[in-house]
Amino acid sequence: MAPSVLIIGGSGAVGRPLVDEFLKQKAKFQRIAVLADPAKVSRFADAQAKGVEIVVGSFLDAKSYAGFDVVVSLAGNAAMKLQPGMIEAAIAGGVRHFYPSEYGGDISVGEFWKNRYFRDKVVTRDHLAAKAKEHPDFRYTLLMTGPFTEYAVSSFNGIDFEKHTVEPYGEPGAKLSVTAMPDVMRYIVGSILIPFDSGKNVREFRVPGEARITWEKLMQYLGDVQGAQYKLTYLDPQGAALKQEEARKDGNEDEEVFWAGKSVMLNGSGLIPEPLDNGKFPFTPETAKETIQRLFGAI
Ligand SMILES: NC(=O)c1ccc[n+]([C@@H]2O[C@H](COP(=O)([O-])OP(=O)(O)OC[C@H]3O[C@@H](n4cnc5c(N)ncnc54)[C@H](OP(=O)(O)O)[C@@H]3O)[C@@H](O)[C@H]2O)c1
């Protein structure tokens with residue numbers, strides 16, 4: 001039977017394009033709904049007019065989840081730590097398939113799970129594993145894309161699009177995987193339609209659009225599109241680590257996570273390890289070069 005899906009965080013940076021992608025594939029789902037805080041229902045008016053249901057309530061209340069098969073969480077950094085509570089409520093409400101807010105690197109590789117930036121994702125994975133042991137019919141999906149190309153090639157990573165300079169934290173030659181946001185949305189929606197292997201509680205999709213690229217190459221593509229040559233100056237990640245620690249001591253969690261995030265782009269955590277799962281989906285993702293041409297071609 002076609003699944004009924006509830007989206008948490010549907011108003012966020014990933015949530016909005018994801019809702020649009022669900023609408024494109026609406027016929028394949030029984031119900032598509034977003035969970036909305038009572039004070040913020042109006043922001044979903046457009047989606048509602050196109051056929052998305054609005055469930056008004058709290059993500060910590062089991063009643064919000066009644067009648068849904070799959071929950072897709074798009075909690076942002078601020079709400080990430082609340083996911084164990086969401087998972088408890090979702091299970092109590094009858095949900096048996098959960099997508100935690102991942103959509104980045106494979107945080108289980110090496111020591112990346114110790115990075116502050118990933119802390120709440122790690123806690124969520126641990127919680128899901130524990131719940132799957134308690135409830136043999138509860139399943140979850142981890143979907144990993146590496147950094148979104150749109151986020152990698154941005155001022156957050158020290159790019160000055162006017163002066164054609166870039167100052168990222170990290171080492172030259174570091175490899176990363178990147179995926180265009182429209183393809184991330186297609187992977188998330190498409191994965192829900194792939195049947196879960198029987199006898200398993202967890203599955204992982206590693207689906208980077210461009211599996212392996214260097215920062216130098218990304219900046220070369222950007223420069224080519226702009227008719228410029230980027231000057232790269234790598235910053236010592238220790239500088240970001242010190243600012244992260246200062247923020248932690250000041251009790252400024254947003255700043256702490258911000259600085260933790262600054263050094264993850266080139267520390268290897270965004271490189272998705274093989275084997276990859278792109279072949280399980282019926283489309284060819286955009287390359288990094290194509291995405292950069294699409295995004296910056298008109299500049
Ligand atoms: N790989 C990448 O490059 C990349 C890039 C971006 C995002 N991501 C991942 O994608 C996921 C979603 O990120 P995002 O950028 O879409 O996040 P976001 O824009 O911050 O959106 C977060 C959503 O969660 C809701 N939310 C936040 N705090 C809340 C709270 N306390 N209670 C209830 N709802 C709350 C927000 O609703 P309100 O507006 O009502 O607060 C919003 O709908 C994350 O896992 C993130 O790491 C990955």
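The model is predicted, so local features need pLDDT of at least 70 and side-chain atom pairs pLDDT 80 or more, while totals for chains, interfaces and linings use all residues. Residues are numbered from 1 along each chain as its sequence is written, and side-chain values use heavy atoms, with hydrogens and water left out.

Colour the shell by residue type.

Next, look for polar contacts, which are pairs of N or O atoms within 3.5 Å. Select valine 14: one of its backbone N or O atoms is 2.9 Å from a ligand oxygen. At lysine 121, a polar side-chain atom lies 2.9 Å from an oxygen of the ligand. At phenylalanine 148, a backbone N or O atom is 2.8 Å from a ligand oxygen. On its own the ligand has 900 Å² of accessible area (Shrake-Rupley method, 1.4 Å probe), and the protein covers 71% of that area.

Now select the aromatic rings. The structure holds ten aromatic pairs, meaning rings of Phe, Tyr or Trp (its six-membered ring) with centres within 6.5 Å; planes under 30 degrees apart are stacked, over 60 edge-to-face and the rest tilted. One of them joins phenylalanine 156 and phenylalanine 258, edge-to-face, at 5.4 Å centre to centre and 90 degrees between the planes. Phenylalanine 156 is in the loop between helix H5 (149-152) and strand S7 (159-160), and phenylalanine 258 is in helix H9 (residues 253-262), 102 residues apart. Helices (H or I, at least four residues) and strands (E, at least two) are DSSP runs numbered from the N terminus.

Finish with the backbone. Most residues other than glycine have a negative phi, and most peptide bonds are trans. Select tyrosine 103, in the loop between strand S5 (97-99) and helix H4 (119-134): tyrosine 103 has a positive phi of about 60 degrees. Then go to proline 275, in the loop between H9 and helix H10 (288-296). The peptide bond from glutamate 274 to proline 275 is cis, with omega near 5 degrees.

Terms used. A polar contact is a pair of N or O atoms within 3.5 Å; within protein, one must be able to donate a hydrogen and the other to accept it, and residues adjacent in sequence count only if both atoms are side-chain atoms.
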